[in-house]
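Thanks for coming. I will go through a few side chains in this model, one group at a time. Please keep the structure open while I talk.

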Amino acid sequence: MAWKVIQKKFWFDNPRRRKKYVLSALGVRCRDLKQRIWMKYRRNTIEEAFEARPGLIPEDQWKEFVEMQFTDKAKRVRERNINSRNNHKMPHTLGKKSLARKANEMEEETGKEPNRAELFIASRTRSDGSLLSNEARITVDKLSQVMTENIQDEASNTESRPYDAFEQVFGSEPTGRVRCVGRGVTPSKYLLDQESVISSNAEILELKTRLKGLEDKLEIVTDALFVLVKSKTEGRY
């Protein structure tokens, strides 16, 4: 039902491929909205919460929502989320801006797509250039060092992956998700993209090698023609 309504309001180049991502993003937005509403209207008792109903929400929907918030399951989820946030030592500084939007902005500025290490550094750096925490500073220093060390390898090795710096610092990907690339990217799709990049790098290196060979041959032919023309010119006098 929701997908049909969305399709009437928005155009998609490939609806079948975009459906999963759009519905996933919509689910996250709905969850965030519910969390904000509950943070604003929550009360100590279920009766007080019933009375605090926002005017725009129908009474039956609000009653169901409040009852759900007072279940043991909901309480456990909130406690788990609180612990998770407390253990998160390197949150990003993007606010409501997604990683995909940040990556697009960086690509427009530099002319190339940022890798995960570059995106991590940019998303953990404040506008004044400072970092959120000491842990973030240490990690950014490690990423910068690894990227510097990998520059020569990436230039000479066609098997080099552009995201090696991030993986070297953070380790391999957990099951079912890929870090620091935005929503909707799966490990299988990520690996396919990397194989495509590796193939493109190999083709570019091959073309550069062939171009260098042609330039060398052209230089030899040019020198030979110069000598030939010079000898003929001198022979006339």
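Lysine 63 is partly exposed, because its relative accessibility is 41% and the label covers what falls between buried, under 20% relative accessible area, and exposed, over 50%, using a 1.4 Å probe and protein chains only. Its partner is glutamate 67: the two form a salt bridge, with the closest N and O atoms 2.5 Å apart. By salt bridge I mean a side-chain nitrogen of Lys or Arg within 4 Å of a carboxyl oxygen of Asp or Glu. Glutamate 67 is also partly exposed, at 35%. Helices here are DSSP runs of H or I with at least four residues, strands are runs of E with at least two, and both are numbered from the N terminus.

Before going on, some housekeeping. This is a predicted model, in which local features need pLDDT of at least 70 and side-chain atom pairs count only at pLDDT 80 or more, while totals for chains, interfaces and linings use all residues. Residues are numbered from 1 along each chain as its sequence is written, and side-chain values use heavy atoms, with hydrogens and water left out.

How many salt bridges does the structure hold? There are 7. Another of them joins lysine 212 to aspartate 216, with 2.9 Å between the closest N and O atoms. Both residues sit in helix H10, residues 187-235, and are 4 residues apart, about one turn of the helix. Lysine 212 is partly exposed at 45%, and aspartate 216 is partly exposed at 32%.

Arginine 31 and aspartate 32 also meet in a salt bridge, at 3.9 Å from N to O. Arginine 31 is partly exposed at 49%, and aspartate 32 is partly exposed at 24%.

Now back to helix H4, which spans residues 59-69 and includes glutamine 69. Is glutamine 69 buried or exposed? Glutamine 69 is buried, because its relative accessible area is 11%. Leaving out residues up to four places away in sequence, glutamine 69 touches Trp38, Ala74, Lys75 and Arg78, where contact means heavy atoms within 4.5 Å.

Last, asparagine 115, in the loop between helix H6 (99-110) and helix H7 (116-123). Asparagine 115 is buried as well, at 14% relative accessibility. Its side chain reaches the backbone nitrogen of alanine 117 at 3.1 Å and the backbone nitrogen of glutamate 118 at 2.8 Å.

How values were computed:
Polar contact = N/O pair within 3.5 Å; in protein donor to acceptor, adjacent residues only side chain to side chain.
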